[in-house]
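Good morning, colleagues. Please take a moment to look at the sequence and the structure.

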Amino acid sequence: MIAVGVDAGGSSTVAVAMRDGELLRPTTGPGANLGVTGIERAAVTIGDAISGASESATPDAVVVGVAGGGAESMASALLTALTARFPQTRIEVTDDAHVALRAGVPAGDAVALIAGTGSIAYAEIGGNVYR
């Protein structure tokens, strides 16, 4: 089984894959903020990172945390584009702030303050999301 995690922000895109519990080499590419680069360009950047991290094998599962992924229409469009490239892969697209929050606090109420190329205060409290 190959699982890939992607962090696609404004400055760079990083993908990391695991094959049967073994960490493969991470792949880094240019930024893929949906609002800045557009869906098509972001999908190519993210897709190339997924392919690089998975050593060109078809991944079984991919989670993409992407800047601009909090907008449902943008996330849906990116999911459609990535599914076209990886039709046999289970793919989830979410906001990069959600991924950052849950990397630090896997469950329960939490707040993240992110300051980088873009900035956001993001919280998940009582099942509700606050941006």
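This is a predicted model: local features need pLDDT of at least 70, side-chain atom pairs count only at pLDDT 80 or more; totals for chains, interfaces and linings use all residues.

Residues are numbered from 1 along each chain as its sequence is written, and side-chain values use heavy atoms, with hydrogens and water left out.

Let us begin with helix α2, residues 39–53. Helices (H or I, at least four residues) and strands (E, at least two) are DSSP runs, numbered from the N terminus. The 15 residues of α2 reach 21 Å from first C-alpha to last, close to the 21 Å expected at 1.5 Å a residue; that expected span is 1.5 Å times one less than the number of residues.

T45 belongs to α2 and is buried, with a relative accessible area of 12%. Buried means under 20% relative accessible area, exposed over 50%, and partly exposed in between, with a 1.4 Å probe and protein chains only. Neighbours within four places in sequence aside, T45 is in contact (heavy atoms within 4.5 Å) with T13, P30, G31 and A32. Just after α2, E55 takes a positive phi of about 55°.

The buried residues of α2 pack against several elements, including β1 (2–8). β1 runs antiparallel to β2, with seven bridges, and parallel to β5, with six. Strands pair if DSSP finds at least two bridges between them. G5 stands opposite V16 in β2, while V6 has V64 of β5 as its bridge partner.
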